[in-house]
Amino acid sequence: RLPSRCCPQRRSADSTMVEAMDTDAPAPAPAEEEPAAPPDPASLYRADIRSAQASVERFVTSREPRFAQAALKLMACLRKAGLAAASPTQPVLAAAIASAFGPSHPLRERLLAALPPPAAEPEAADAAGAEGKEGGEAKKRPLLPEMELILELLVLLALIDGGKLPVAVSLADALLERVASWNRRTLDPFAERAYFYSSWAYEKAGKIEAVRSRLLAAQRTSCLHHNTACQATLLNLLLRSYMSAKLFVQADKLLAKSAFPEQASNGQLARYLYYTGRIKALQLEYSEAHRCLLQAQRKAPQSSSKAVGFKLTAHKLGAIVQLLLGEIPERAVFRASSTRAPMRPYLKLVQAVRTGDLAAFRDAMAEHAAVFAADGNAALVLRLRQNVIRAGLRNVSLAYSRIHLSDAAAKLALDTPGDMESIAAKAIRDGVIDATIDHEAGVLISSGSADTYSTLEPQAAYHKRITFCLNLHNDAVKAMSYPPDAHKGDLPDADAIKERQREEQELAEALAEEDEF
């Protein structure tokens, strides 16, 4: 049988129907994408080391500080990666040191001994094959001292974070000798971190006095080289060293004989102001201490998640200094969510000083003595006792026009009631209360509240305000009579100046011609 022939119209209709059926059919479900595997921490760590090296090379070549800051930020990121739980970054760091440091490097063996065995480089096999095909090894670029210092600081930080303080102190000693042997201005930003972390290692090991002589020598060198970064950091480290050893007289002499560089960073300036405020507070210079502490709080990062410990320490010391000045700190410091719990012991002190309750002050001292000692403020808190007694005596003087000294001592809850007479006499001499003492009867007699309007004080206040208003009126009248830039209209314009110069030149030529004749 011959195949049946179809007309073109029937063939086109069939094809249209098939296409429609294909279109209406449900599309196959797309295959579910597999979740991306998490990045390898070792690979990220290795990439950050290479990025830091590239930034250091660009900084040495161009001398632009932004590249040095980028390398230091990467160093902070590398340290955070090493702090992560079960992070295989130390073998990668050991591999980087083994490949970068030559066999004759003085610190190579010490650095590798402080780290786990080096990890194998993933590109080692491919690189070896490529070098074999080329017929020789590629020349390595020399390791810059700046990058060498970054790798050594990473090892030092790993030892400090791991609690290996004796090894960290030994490495910090060798690191300081290594820094002192170099004389490169491009090394200044990295040498600053070396001094800071080396001093931190000594401090955590309880040997901060051992590094003080090195810091003093480095401070002299940085001043001679006009090294602003190291100069500010070393000055703060020396102040911290003196304060930790209770050598406040030496710290005050260092402040008097040294100048803090103006180009230093805000972080170092905030530390310097805090140390200055603490020293001035211990030297009984409360006004200067309050000024320095207030500036330190303003220079600190204003973000709620940054420098929380520093701001909390500054607020604690600032609250005590304000109380010693006779002022009451702001409530916002005690109400903030981040500082409410740590500032609770100091809030009790503020309440006791404000109300003059010596018993509440004594209870707060006994309850939170460990907190005050840990903060280093116990000596300053003890000085608040006189302020509490003065506040309570002021309240007693306002409440009673005549009270026996023994009753006043009982209300103040004094430990030795016999001292009440001398305390009241000193308060009267200092102007805290307006009263007199009847020594024979042992009675404190408060002076009646005088009528202010019967004195010359209201007249003086009105005179001051009227004088201010009259001066303001006179200044306004002068400003209206002599408007600004009124004299500029009398000045000649450019065309007039040119015309006058032309006339003077013609006159000079005419005079010259007359002289010739």
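Reader: As what does phenylalanine 196 count by relative accessibility?
Author: This is a predicted model in which residues are numbered from 1 along each chain as its sequence is written. Local features need pLDDT of at least 70, side-chain atom pairs count only at pLDDT 80 or more, and totals for chains, interfaces and linings use all residues, while side-chain values use heavy atoms, with hydrogens and water left out. Buried means under 20% relative accessible area, exposed over 50% and partly exposed in between, with a 1.4 Å probe and protein chains only. Phenylalanine 196 has 29% relative accessibility, so it counts as partly exposed.

Reader: Which residues does phenylalanine 196 touch, not counting residues up to four places away in sequence?
Author: Phenylalanine 196 lies in helix α9 (residues 188-204); helices (H or I, at least four residues) and strands (E, at least two) are DSSP runs numbered from the N terminus. A contact requires heavy atoms within 4.5 Å. With residues up to four places away in sequence left out, phenylalanine 196 touches Thr233 and Leu237.

Reader: Is proline 329 buried or exposed?
Author: Proline 329 is placed in the loop between α15 (308-324) and α16 (332-335). Not counting residues up to four places away in sequence, proline 329 touches Ala319, Gln322, Leu323, Phe334 and Val350. Its relative accessible area is 8%, and therefore proline 329 is buried.

Reader: What separates the C-alpha atoms of proline 329 and alanine 319?
Author: Alanine 319 is among the residues that proline 329 touches. The two are 10 residues apart in sequence, and their C-alpha atoms are apart in space by 5.8 Å.

Reader: What is the relative accessible area of leucine 284?
Author: Leucine 284 is found in the loop between α13 (266-282) and α14 (286-299). Phi of leucine 284 is near 70°, a positive value in a residue other than glycine. Leucine 284 is exposed because its relative accessible area is 55%.

Reader: Near what value is phi of arginine 63?
Author: Arginine 63 belongs to the loop between α2 and α3 (65-83). This arginine 63 is exposed, at a relative accessible area of 55%. In arginine 63, a residue other than glycine, phi is positive, near 60°.

Reader: Which helices are included in what covers the buried residues of α4?
Author: In helix α4 (residues 90-100), the residues Val92, Leu93, Ala94, Ala95, Ala96 and Ile97 are buried. Their cover includes α2 (41-62), α5 (108-113) and α7 (145-161).

Reader: At roughly what angle do the axes of α17 and α21 cross?
Author: Axes are lines fitted to C-alpha atoms, for helices over the stretch in contact, and angles run from 0 to 180 degrees between N-to-C directions. The axes of α17 (residues 344-355) and α21 (residues 384-399) come within 6 Å, and they cross at roughly 40°.

Reader: How many charged residues has the contact of α17 with α21?
Author: Leu349, Ala352, Val353 and Thr355 of α17 meet Leu384, Asn387, Val388, Ala391 and Asn395 of α21. Ala, Val, Leu, Ile, Met, Phe, Trp, Tyr, Cys and Pro count as nonpolar, Asp, Glu, Lys and Arg as charged, and the others, Gly among them, as polar. By class, the contact has six nonpolar and three polar residues, and the number of charged residues is none.

Reader: Over which residues does pLDDT stay under 50 with one contact beyond four places in sequence?
Author: pLDDT is the predictor's confidence in each residue, from 0 to 100. The chain has a mean pLDDT of 79, and 84% of its residues reach 70 or more. Where pLDDT is low, the predicted coordinates should not be read in detail. The stretch with pLDDT under 50 and one contact beyond four places in sequence is residues 1-26.
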